[in-house]
Amino acid sequence: MDFFLKLFLSGTAKGSIYALIALGYTMVYGIVQLINFAHGEVYMIGGFTALIIGGLLFSSGMAVPLVLLLSILAAVVFSAAFGFTIEKLAYKPLRNKPRLSALISAIGISMILQNVVLLAQTEKYLSFPSYLPELEFLRPVREYLNSTQFIILVTTAAIMVILTLTIKFTRMGKAMRATAQDKHMAQLVGVDINGVISLTFIIGSALAAVGGVLICSYMGQINYYIGFVAGIKAFVAAVLGGIGSIPGAVLGSFILGWTESLGTGYLSSDYEDAYAFVILILILILKPDGILGKNQKQKV
Amino acid sequence: MERNKLFRDLRTSLIIAAWFSFLLFPLLVMKVSVTGGAALVRFRWERLPGIAVAAFALSFAWRRALEWNEARGDKPSGAGPIAALTARARSALAVKPIRLSVTLVLLAVVAVYPFALGMYHTNIMITALIYVILALGLNIVVGLGGLLNLGYAAFFAVGAYTYGLLWKYAGPAFVAAGVDPGWLFWIALPTAGVLAAVFGALLSLPVLRLRGDYLAIITLAFGEIVRMVLQNSGAVTGGATGISLIPRPWFFGLRLPPRQAATYIYYIAVALVALTVFVVRRIEDSRVGRALEAMREDEIACEAMGVDLVRNKLVTFSLGAFWAGIAGVLLAAQTTYINPDSFTLWESITVLMAVVIGGTGSIPGAIGGALLLKLLPEYFRPLAQYRMLIYGIAMILVIIFKPDGLFPRNRKKYTFEGAPSVDGQEARR
């Protein structure tokens, strides 16, 4: 039971990180029906930016909480800028072309970003200094839930609530939902769909950046390649929950996190990355629309 | 008007240069290194002007190209110097003596290649030819069937491991019986093709209901699972260390020295490429091929016309996988050593790039794309580390500006000339 609880909690922490990345996938997919393959790379870039800016500020003698805050801010700003630029460069010119074109373009972007980081920074794993505070009140239960995991959980929950409220109740959220439903109609009633799409990429990338900083602090290391696996897993989570659905993405992420944790604990740790793929294949065979997804009829 | 446009483009490019200088600043100008838990940052200011100038120039070219692309609209790429050149080449090739002599020269070049250039270049060429086979196979799936397969390397692995495992488990028996283990190559070749095709059919079963991007992701998952299984079942497959000392193909019982062996494998590869081209060419115009193309264009319309989509997808995946299996055996024979690292997702993506850059659905495209992608980095060594970066950029440029690829397919056009006249006279052709 003890062992189970530990695995369950670490799975929960893992799941909440996947959720941060999966939200971006699901939002972009909901609006432009594109698997943004480069999303994982944006998350990696967020991690790297935080490492660089954080290192710069820390060595200049700034106080740790401020370093943490500013490095997360920098990660968010730069990742959002990357998301925005990627959409303009690689997806917008292909918006009215066959869907596979955009997917191929996304793979291209993913390769470019990985290799830019590889060539300009390093191919080695770098250890990632954590600026996250050690929470005193968690000391008694540290065996089960450490402060990093706790912070990750709380952050994800907060972001999710804010995001849901924004989409439900603000003007901007309404425009987003309208664009997701029908781009042409939305345009006709005066929604600036280019702006909405850009905004979606910006929000998604910003969330990925937060996820990047958190998971790198949790794992304690970073590498140019981390975005790929994390991106695929977050995608699996989004599909599992029903792509396009925000609560679905979060639910899917938790299920994936738990499966991975319990799988590595009870079955075999050799196949840690394979569980996600097996789940993906099963869900696509059994219920391609995902747990909370709506059944999409094929229109002629 | 035109000048105003130019001025506007210049101004926008200036803004974009500033934007990219900001965007790439942390990644390109700053360099991080971590020692003792603390991150140290070094500035490389000398790079900043370069980034700005490059961004300015590229943005300017990009905007011009986009305008050109939009002005061109949906018109087929009939104009332009390259298209004119290929059209001229085509019409020249239609003349029989010219076609014959071109074919003869090409054959002669292919035939003397290993003798004229030596073992090093021959080996590079073999690798390139293996990719040609892979690209031609994937072209059936992506180009004809329109199904994006990102797990193609799995079938490549099935082929290579068929030969590797045959050698590992049947090899000792062969040697003990006094039979040349090189025979295993010739046994493995058809076996691997069939096995890979079976795998392809198996994979296609769960994905029959899926389309487009879901299909791409599930094939990716499949590919990664195959690689992980190969990596983690060490007892059977040798795990991460793989299988080594795989014998070279049998050649009249002779143990060829490396150089001759390379030449020999080169000829086998050439023969297999020729076979692949021949078969794919036949498929293209067959009933199956036309059904595949119909499926690519519109699944619903295709089904409504009575084409069996389930069977179609099964056939597509099997046919594509078959050639990957063949290429895998060739790879095992050439390198005499295989491990799971040769079959990563990037392998699948490289083959996909060869198909896309060359021209989706086009046989010359698949060949040209594969040769380009595999030969260029070998002969431009200084650029080798930028290889994936350049491929990525090339892929995006092609998909945006020249979706037909560098060597587009010459699609068959059926034109209707003249209606049958009232008195039942036959229509003129």
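Followed from the N terminus on, the elements of chain A run α-α-α-α-β-α-α-α-α-β-α-α-α.

Next, display the C-alpha atoms of chain A, which fill a box of roughly 60 × 45 × 40 Å along the principal axes. The radius of gyration of chain A, taken over C-alpha atoms, is 19 Å, close to the 19 Å of the globule rule for 300 residues, so chain A is as compact as a globular protein of that length. That rule is 2.2 Å times the number of residues to the power 0.38.

Then turn to the interior. Of the 300 residues in chain A, 53% are buried, that is, 20 or more other C-beta atoms, placed from the backbone, lie within 10 Å of the residue's own.

The contact takes 52 residues from chain A and 43 residues from chain B; two residues are in contact if their C-beta atoms, placed from the backbone, lie within 7 Å. On the side of chain A that touches chain B, select helix H2 (39-59), helix H3 (64-91), helix H4 (99-120), strand E1 (126-127) and helix H11 (272-286), the elements that give two or more residues. H4(A) gives the most, with 16 residues.

Finally, colour this side of chain A by residue type: 36 are nonpolar, 12 polar and four charged. Ala, Val, Leu, Ile, Met, Phe, Trp, Tyr, Cys and Pro count as nonpolar, Asp, Glu, Lys and Arg as charged, and the others, Gly among them, as polar.

Residues are numbered from 1 along each chain as its sequence is written, and chains are lettered from A and ligands numbered from 1 in the order in which they are written. In this predicted model, local features need pLDDT of at least 70 and side-chain atom pairs count only at pLDDT 80 or more, while totals for chains, interfaces and linings use all residues.

How values were computed
Helix = DSSP H or I, 4+ residues; strand = E, 2+ residues; numbered from the N terminus. Buried ≥ 20, exposed ≤ 12 C-beta atoms within 10 Å, placed from the backbone.
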